[in-house]
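This report walks through a few local features of one structure for a reader meeting it for the first time. Please keep the sequence and the 3D view open while reading.

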Amino acid sequence: MRYVSTRGAAPVLSFGEAMLTGLARDGGLYVPEQVPVITPDDIAALAGLSYEETAFRVMRPFVGDTFTDAEFRGAIDAAYRGFGHAARAPLVQLAPNHFLLELFHGPTLAFKDFAMQLIGQLFQIALKREGKRITIVGATSGDTGSAAIEAFRGLDNVDVFILFPEGRVSEVQRRQMTTPSEANVHALALKGDFDDCQARLKDMFNDFAFRDAVGLAGVNSINWARVLAQVVYYFTAAVSLGAPRRPVSFTVPTGNFGDIFAGYIAKRMGLPVDRLVIATNQNDILHRCLTTGRYATDGVKPSLSPSMDIQVSSNFERALFDAYGRDGRAVAQLMEELKAKGGFGVSQGALQALRALYASGRVSEEETLATIARTHRETGELLCPHSAVGVAVAEATRDPAVPMITLATAHPAKFPDAVERATGHRPGLPDRMADLFARPERVTSVPNDLAALEALIQERRRN
Ligand SMILES: *Cc1c(COP(=O)(O)O)cnc(C)c1O
């Protein structure tokens, strides 16, 4: 299995190389040269298997010879052992033919644990084998950072630096990043918004001298290995509801488009997915793009669902690559235009291709709160605000004849203020992290400045 860049001008890599590299050297994102197909019989055979066994069967063809079967199985088992639910990704029912896929039973209570815990294990195996050290730098609107820190804390051959927008993450998210005491963990509060964090991270990757000097590696959702890990729960959920005999639809609370792109990969692999619905909050660049054909930035408006507060959606580039018939030059041009002018028009052909795959909806702050309240009243379920955005869009767009699975991306206790405001109930943290508010915090405030950030990382990383 080989991986190519969405901008067509970077080296073709193996799974292991693409995983350790993150962003391609031409600024693009790695995607598999071909998507392997799973036959309906092989999908049917997944029924009743454990999450881990399904994960092995779904992901194995993408991994090539980077890992042996035994190594890959071992990594999967270790990755999900710390989850607080035996099913890993349980389904609960909200209404006739509407289901919630709970992806928040991992160590940091958001779906990002599914990918991050696995790549923590895979990085460890690969680095040990090659005798290499790396510096992981991540940008986060809250959940990626805590998940990355949780996955890499204490590892000998990895230093982790996480940039988060100061004052724009929830207290639980912040504490999950600032309370780990391991010396290889560095939480950096950047004076700016999430897009600034993401932009400085991209700048570091494009500074090849720095990149090579520190062994820079990325674990943001642009890392292909993360997308791949997220493909698995689309399979477990659909199979639970009768795939491959019965098609299902998914609604995905979306920011950087990594999670929903994993759903698209599942569909390309042969999972019968009827619709993939993009749910956005008031930061609705994707919904506007699908509606108008113009992808244009519009600033970031802080919302009740901060992990979806984005201006540009990094993984959308992967969707554009396929919509433009895998023409890397065309994608590179669009991205140049985005950088220079803050937007671009999608061609008619590409727009048609995107609309054939994805539907979309946008949810206001009031609707988010109303959905949390109504769902609690009608089902007893407490939704986090991101999951509520998903449920609201699913309810507005779904075909009652097709099972709809809405992804619940975070635990309500990660965003207790919004949940309490909507329902009057303050969700409590699971017992295993009940002392989070008592642990001391460690954080460095940093300017939105590339040179200063690079100097700090050079100084703090271990050699
Ligand atoms: C990251 C995140 C999202 C958005 O996922 P993308 O893959 O960036 O689209 C939604 N909800 C929560 C809780 C998240 O942490």
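## Backbone features, an aromatic pair and the ligand site

Pro244 has its place in the loop between helix 10 (224–240) and strand 9 (248–253), where helices (H or I, at least four residues) and strands (E, at least two) are DSSP runs numbered from the N terminus. The model is a predicted one, in which local features need pLDDT of at least 70 and side-chain atom pairs count only at pLDDT 80 or more, while totals for chains, interfaces and linings use all residues. Residues are numbered from 1 along each chain as its sequence is written, and side-chain values use heavy atoms, with hydrogens and water left out.

The peptide bond that leads from Ala243 into Pro244 is cis, with omega near 5°. Another backbone feature is found at Asn97, a residue other than glycine whose phi is positive, near 65°; Asn97 belongs to the loop between strand 3 (91–95) and strand 4 (98–102).

Across the whole structure, a search finds 21 aromatic pairs, that is, rings of Phe, Tyr and Trp (its six-membered ring) with centres within 6.5 Å, counted as stacked if the planes are under 30 degrees apart, as edge-to-face if over 60 and as tilted for the rest. Tyr51 and Tyr80 form an edge-to-face pair, at 5.3 Å centre to centre and with 80° between the planes. Tyr51 lies in helix 3 (residues 51–63) and Tyr80 in helix 4 (residues 69–81), so this pair ties together parts that are 29 residues apart in sequence.

The ligand is surrounded by 15 residues, the closest being Lys112, Asp143, Gly255, Asn256 and Thr409, where a surrounding residue has a heavy atom within 4 Å of the molecule.

| Residue | Protein atom | Distance to a ligand oxygen atom |
|---|---|---|
| Lys112 | side-chain N or O atom | 2.5 Å |
| Phe257 | polar backbone atom | 2.9 Å |
| Asp259 | backbone N or O atom | 2.9 Å |

Of the 380 Å² of accessible area that the ligand has on its own, the protein covers 97%, with areas taken from the Shrake-Rupley method with a 1.4 Å probe.

Definitions and conventions
Polar contact = N/O pair within 3.5 Å; in protein donor to acceptor, adjacent residues only side chain to side chain.
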